[in-house]
Amino acid sequence: MQIRDLYKTYHEGDRSQRVLEGVNLEIAAGEFLAILGASGSGKSTLLNLLSGIDSPDSGRIRIDGTDITPLSDRQLTLFRRDHIGIVFQFFNLIPTLTARENITLPQELSGAGRRAAEEQADALLQQVGLGERAQTFPDKLSGGEQQRVAIARALLHEPKIVLADEPTGNLDDDTGEAVIALLLRLTREAGKTLIMATHSTEIARQADRICRIHDGALHLEPPPG
């Protein structure tokens, strides 16, 4: 992934807030990059730009040889479906669907075969330690279990890149540590690139590299450890 001269400003009435200002970064395949920063510093904005959920004011984002910045909304949706998995802070599970159905829904919407998607979902549920909870609805799952389902959903289509936005923000410390350990194991075993926005220096120390966002700029920090 190559990020070149990325700028993003948000406008609200007569007010403007520059969130990212000339960000440049290269991320290697299979790397775990942690992005640190205070609340409102632009961590989530950067992830939204990398996923194509939001568009920059200027600059370029190239992923695996494809410049995603000029793509249409439909092209971005298809690119995301094929290349990117996203783990959100608030789980974003649909309450009326079971754990298995939450995992398979994106694949089914893209036209994938239902039976194959269910078999993959069940295999992932086993990997995240929820093999017996496939038919369980989100309100019967703990926060940590819901985030495990969300991780499985993000990995079902075998993306090259996983973006995680404060994935432990709604979890207690012990549960958060277990979720991070699981996410790291699954992504590293599969050689995926993991880019995680976090406020936790403890989590960041497990990364291959750390970046900090401050005043719209991205600063590389010394290697952890």
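**Exercise 1. Strand pairing around β9**

Task: In this predicted model, find the sense in which strand β3 and β9 pair, and the number of bridges. Then follow β9 into its hairpin with β10.

Solution: 
- Step 1. Start with β3, residues 32-36. This strand and β9 pair in the parallel sense, over four bridges.
- Step 2. Ala34 stands opposite Ile210 in β9.
- Step 3. Move to β10. β9 and β10 pair in the antiparallel sense, also over four bridges.
- Step 4. Again take one pair. The bridge partner of Arg212 is His219 in β10.
- Step 5. Look at the turn. β9 and β10 form a hairpin with two residues between them. Asp215 sits in that turn.

**Exercise 2. Positive phi outside glycine**

Task: Describe the backbone and the exposure of Asp215 and Asp64.

Solution: 
- Step 1. Recall the background. Most residues other than glycine have a negative phi.
- Step 2. Check Asp215. Its phi is positive, near 55°.
- Step 3. Judge its exposure. The cut-off for exposed is over 50%. Asp215 has 64% relative accessibility, so it counts as exposed.
- Step 4. Phi of Asp64 is positive, near 50°. Asp64 lies in the loop between β4 (58-63) and β5 (66-67).
- Step 5. Apply the cut-off again. Asp64 is at 52% relative accessibility, so it also counts as exposed.

**Exercise 3. Strand β7 and its neighbours**

Task: How many residues of strand β7 are buried? Which strands pair with β7?

Solution: 
- Step 1. Count the buried residues. β7 covers residues 161-165, and five of the five are buried. The strand is therefore largely enclosed by the rest of the structure.
- Step 2. Sort the side chains by direction. In a regular strand the side chains alternate between the two faces of the sheet. Ile161, Leu163 and Asp165 point one way from β7, while Val162 and Ala164 point the other way.
- Step 3. Take the first neighbour. Strand β6 (residues 84-87) and β7 pair in the parallel sense over four bridges. Ile86 has Leu163 as its bridge partner in β7.
- Step 4. Take the other neighbour. β7 and strand β8 (residues 193-198) pair in the parallel sense over five bridges. Here Val162 stands opposite Leu194 in β8.

**Exercise 4. Thr187 and the second largest cavity**

Task: Is Thr187 buried or exposed? What does Thr187 touch, and which residues line the second largest cavity?

Solution: 
- Step 1. Thr187 is in helix α6.
- Step 2. Read its accessibility. The cut-off for buried is under 20%. Thr187 has a relative accessible area of 1%, so it is buried.
- Step 3. The side chain of Thr187 reaches the backbone oxygen of Leu184 at 3.2 Å.
- Step 4. List its contacts beyond four places in sequence. Thr187 touches Val162, Lys192 and Leu194.
- Step 5. Turn to the cavity. The second largest cavity holds about 30 Å³ of space. Its lining is Gly30, Glu31, Phe32, Leu184, Thr187, Arg188, Lys192 and Leu194.
- Step 6. Find the main contributor. Helix α6 (residues 173-189) gives the most to this lining, with three residues.
- Step 7. Sort by class. Three lining residues are nonpolar, two polar and three charged.

**Exercise 5. Helix α1 and the largest cavity**

Task: Which residues of α1 are buried? Which residues line the largest cavity?

Solution: 
- Step 1. Count in α1, residues 43-51. Seven of its nine residues are buried, so the helix is largely enclosed by the rest of the structure.
- Step 2. Name them. They are Lys43, Thr45, Leu46, Leu47, Leu49, Leu50 and Ser51.
- Step 3. Step past the helix. Gly52 follows α1 and has a positive phi, near 80°.
- Step 4. Go to the cavity. The largest one has a volume of about 50 Å³. Leu49 and Gly52 are in its lining, along with Asp54, Ser55, Pro56, Ile61, Ile68, Thr69 and Leu76.
- Step 5. Sort by class. This lining has five nonpolar, three polar and one charged residue.

**Exercise 6. The second largest pocket**

Task: Which element gives the largest share of the lining of the second largest pocket?

Solution: 
- Step 1. Take the volume. The second largest pocket has about 270 Å³ of space.
- Step 2. Find the centre. Of 14 lining residues, the closest to the centre are Thr168, Asp173, Glu177, Ser200 and Ile203.
- Step 3. Name the elements that give two or more residues. These are α6 and α7 (201-204).
- Step 4. Pick the main one. α6 supplies the largest share, five residues.
- Step 5. Sort by class. The lining has four nonpolar, six polar and four charged residues.

How values were computed
Residues are numbered from 1 along each chain as its sequence is written. This is a predicted model: local features need pLDDT of at least 70, side-chain atom pairs count only at pLDDT 80 or more; totals for chains, interfaces and linings use all residues. Side-chain values use heavy atoms; hydrogens and water are left out. On a 1 Å grid over the protein atoms alone, a cavity is a set of points where a 1.4 Å probe fits but cannot get out, and a pocket is an open set with protein on both sides within 12 Å along at least five of seven lines; lining residues have an atom within 4 Å of a point. Grid points are joined across faces, edges and corners, and a volume is the space filled by probe spheres set on the points. Ala, Val, Leu, Ile, Met, Phe, Trp, Tyr, Cys and Pro count as nonpolar, Asp, Glu, Lys and Arg as charged, and the others, Gly among them, as polar. Buried means under 20% relative accessible area, exposed over 50%, partly exposed in between (1.4 Å probe, protein chains only). Two strands pair if DSSP finds at least two bridges between them. A polar contact is a pair of N or O atoms within 3.5 Å; within protein, one must be able to donate a hydrogen and the other to accept it, and residues adjacent in sequence count only if both atoms are side-chain atoms. Contact means heavy atoms within 4.5 Å.
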